Structure formats: C-alpha cells, structure tokens
Amino acid sequence: GADQEGADEAFIHWNAGCDACGTCPIRGRRFRCKDCPDAMGFDLCGDCFDLGLHNVGGRFAQEHTPQHAMEQVPQVPCVWARLLAENQHLTPAALNTLIAMQYQAFRAHREDEEGSDGATITDSEVRSASDSDTDTL
C-alpha cells in the first residue's frame with residue numbers, strides 16, 4: 001500500500017520539497033518519481049500523493065508525466081536528524097554549531113589525555129559547518 005509501515009509523520013526529508021504544494025522540507029511520507037532524472041527529480045509529500053497530484057508538472061519544469069512510476073522514500077534517520085527531532089527549538093544551523101563545538105571540545109580533551117598535537121577545528125570551519133547544507137551531515 002501507499003502507507004509505509006511505522007511511517008513517522010514527524011520525520012523530515014531535509015533534501016526534498018513537494019512539487020505539488022511547495023512544502024519544503026517534506027515531513028512524514030515522501031514519494032519520488034522513479035522515472036525522472038535524479039538531478040532534478042520529482043517529489044510529493046504524503047498528502048499530495050494521497051490526493052493523486054502526481055500528474056502535475058513540477059515546480060522546476062521537470063518533464064514528469066502521470067505515466068511515471070512513483071515510489072515511497074524510506075525514512076532512514078541519521079544521528080543529526082534524531083538530534084534535531086529531539087531539539088526542535090534549535091535551527092539546523094544552531095545544531096550544526098553545537099555539534100562542531102562539541103567535537104572541538106572532544107578533540108581538545110583527547111589531545112590533553114594523549115599528549116597529541118592533532119589538528120583542531122578552526123573558527124572558520126565551525127562557521128562553515130553551521131552554514132553548510134544539512135543533507136551532508
């Protein structure tokens with residue numbers, strides 16, 4: 001069926017927006033076209049899929065047609081997504097900053113214990129991590 005067993009309606013697909021209603025990012029169930037090229041893709045949120053809106057052309061002039069096959073995208077949470085779900089008061093950029101700060105503290109502690117002089121994260125790397133695309137985490 002269309003419903004994924006145990007689908008979490010709070011799950012966030014950070015790298016995808018709905019080509020019918022424009023919701024971005026997609027929360028809950030996500031469907032993608034198996035026939036459209038991955039470079040542009042064609043995605044629908046669960047509500048638009050249930051309404052049969054797979055016959056729209058897409059927000060970016062994709063060549064999606066109603067004859068294309070749609071598939072549900074599995075919800076595979078990464079550690080970053082779990083942290084963000086548990087800390088919904090934080091923005092993705094704020095969470096990235098906290099993770100970078102925690103990593104830097106860990107490295108400093110490890111260097112103190114081991115007497116290592118390994119590389120540390122620079123302030124510019126922390127800012128870069130905070131501003132980076134969340135899909136890469």
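Visitor: Which hand does the crossing of α2 and α3 have?
Guide: The crossing of α2 and α3 is right-handed, meaning that the near helix is turned clockwise from the far one by less than a right angle. This is a predicted model, in which local features need pLDDT of at least 70, side-chain atom pairs count only at pLDDT 80 or more, and totals for chains, interfaces and linings use all residues. Residues are numbered from 1 along each chain as its sequence is written, and side-chain values use heavy atoms, with hydrogens and water left out.

Visitor: And which residues make the contact?
Guide: On the α2 side they are W80, L83 and L84, and on the α3 side P92, L95, N96 and I99, where contact means heavy atoms within 4.5 Å.

Visitor: Switching topic, where does Q75 sit?
Guide: Q75 is placed in the loop between β5 (70-72) and α2, with helices (H or I, at least four residues) and strands (E, at least two) taken as DSSP runs numbered from the N terminus.

Visitor: Why does Q75 count as buried?
Guide: Because its relative accessibility is 14%, and buried means under 20% relative accessible area (1.4 Å probe, protein chains only).

Visitor: What lies 3.1 Å from a polar atom of the Q75 side chain?
Guide: That is the backbone oxygen of G28.

Visitor: What about the sheet, in what order do the strands run?
Guide: The open sheet has three strands in the order β4-β3-β5, with antiparallel pairing, and two strands pair if DSSP finds at least two bridges between them. The edge strands, each pairing on one side only, are β4 (43-45) and β5.

Visitor: Which residue of β5 is the bridge partner of R32?
Guide: It is E71, and β3 (residues 30-33) pairs with β5 over three bridges.

How values were computed:
Buried means under 20% relative accessible area, exposed over 50%, partly exposed in between (1.4 Å probe, protein chains only). A polar contact is a pair of N or O atoms within 3.5 Å; within protein, one must be able to donate a hydrogen and the other to accept it, and residues adjacent in sequence count only if both atoms are side-chain atoms.
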